[in-house]
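Please read them alongside the sequence and the coordinates.

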Amino acid sequence: RHLHLSNGSDRWIEGIYLTGALSIYYNDMVTISDSVITRNQADDGINIKNGSVVIEDSRFIDNTFDQMDLDYTQGTVKNSAFINSTPGDNNNQDGLDISGSKILLANSQFFGLRDKGVSIGEETAIILHSNRIEENNTGVAVKDLSRAYFLANEFIGNDTDINLYQKKSIFGGGHGYVINQEAGGTGIIFSTDRKSSIQNRRIEDAQLKLLMESESVGIDDLFLRLE
């Protein structure tokens, strides 16, 4: 809690490449709150691998490449901001990069990222709920057999809001499910390749509110009820 981390870098240590200014690997539970991760020159501002995570009330600003990278994790990212405030042509900068994980991403902001606001890959399952995704090159990329459920998000001024595709040949395409809104009728700009898809789904508003606000519902149950 209350960490301010800046000017860090990635590094090889004893044969292990630590990609983050802060790298946390193989921990049962990682909780980061009320923190600022900014102006790091590492491949990732923070990289967390193999564990459960709760990231909340934190800001990730102007890190050189990915603001945060989650690999093979399960948990929640909420009430946080991922921001590039400086102009430039960095085409490798993502806000939140997620691989092989199961994540609830809620009430967060993604602004000004030169590549992707949220990058979702390698069979990740994710629920994006009530996020503001604004002025990124790609708002959300869903690829490589990942499944993304979109509920009540704002897409503003992105070149492409949702891009679904296959990146790695060992996987298939990406799949998106837009809940309770018509993707084509609300100004959402999306693209798919031939192996990917995006669908609209309806859930009763009362049932959806109960589902998303219930503290007793675990993340696995959330996905079961949305599928």
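1. Seven salt bridges turn up in a search of the whole structure, a salt bridge being a side-chain nitrogen of Lys or Arg within 4 Å of a carboxyl oxygen of Asp or Glu. The model is a predicted one, in which local features need pLDDT of at least 70 and side-chain atom pairs count only at pLDDT 80 or more, while totals for chains, interfaces and linings use all residues. Residues are numbered from 1 along each chain as its sequence is written, and side-chain values use heavy atoms, with hydrogens and water left out.

2. One of the salt bridges pairs K78 with E56, with 3.7 Å between the closest N and O atoms. K78 belongs to strand β8 (residues 66–78) and E56 to strand β6 (residues 44–56), so the bridge ties together parts that are 22 residues apart in sequence. Strands (E, at least two residues) and helices (H or I, at least four) are DSSP runs, numbered from the N terminus. K78 has a relative accessible area of 31% and is partly exposed; the classes are buried under 20%, exposed over 50% and partly exposed in between (1.4 Å probe, protein chains only).

3. K168 and E122 meet through their side chains in a salt bridge of 2.3 Å, N to O. This pair links distant parts of the chain, 46 residues apart: K168 is in the loop between β19 (160–165) and β20, and E122 is in the loop between β13 (116–121) and β14 (125–129). K168 counts as partly exposed, at 34% relative accessibility, whereas E122 counts as buried, at 16%.

4. R132 and E154 form a salt bridge whose closest N and O atoms are 3.6 Å apart. Here too distant parts of the chain are linked, R132 being in strand β15 (residues 132–134) and E154 in strand β18 (residues 154–156), 22 residues apart. R132 is partly exposed at 31% relative accessible area, and E154 counts as partly exposed at 41%.

5. Y149 and Y177 are stacked, because their ring centres are 4.9 Å apart and their planes lie at 20 degrees. The pair links strand β17 (residues 147–151), which holds Y149, to strand β20 (residues 175–179), which holds Y177, 28 residues apart. Y149 counts as buried at 2% relative accessibility, and Y177 counts as buried at 10%. One aromatic cluster is formed by F60, F82 and F110.

6. N136 sits in the loop between β15 and β16 (138–143) and is buried, with a relative accessible area of 2%. A polar atom of the N136 side chain lies 3.2 Å from the backbone nitrogen of G112. Leaving aside residues up to four places away in sequence, N136 touches F110, F111, G112, L113, G117, G157, N158 and D159 (contact means heavy atoms within 4.5 Å).

7. In helix α2 (residues 219–226) the buried residues are I219, L222, F223 and L226. Seen down the axis of α2, they fall within an arc of 95 degrees, so they line one face of the helix; the arc is that of the directions from the helix axis to the C-beta atoms.

Definitions and conventions
Rings of Phe, Tyr and Trp (its six-membered ring) pair if their centres lie within 6.5 Å; planes under 30 degrees apart count as stacked, over 60 as edge-to-face and the rest as tilted. A polar contact is a pair of N or O atoms within 3.5 Å; within protein, one must be able to donate a hydrogen and the other to accept it, and residues adjacent in sequence count only if both atoms are side-chain atoms.
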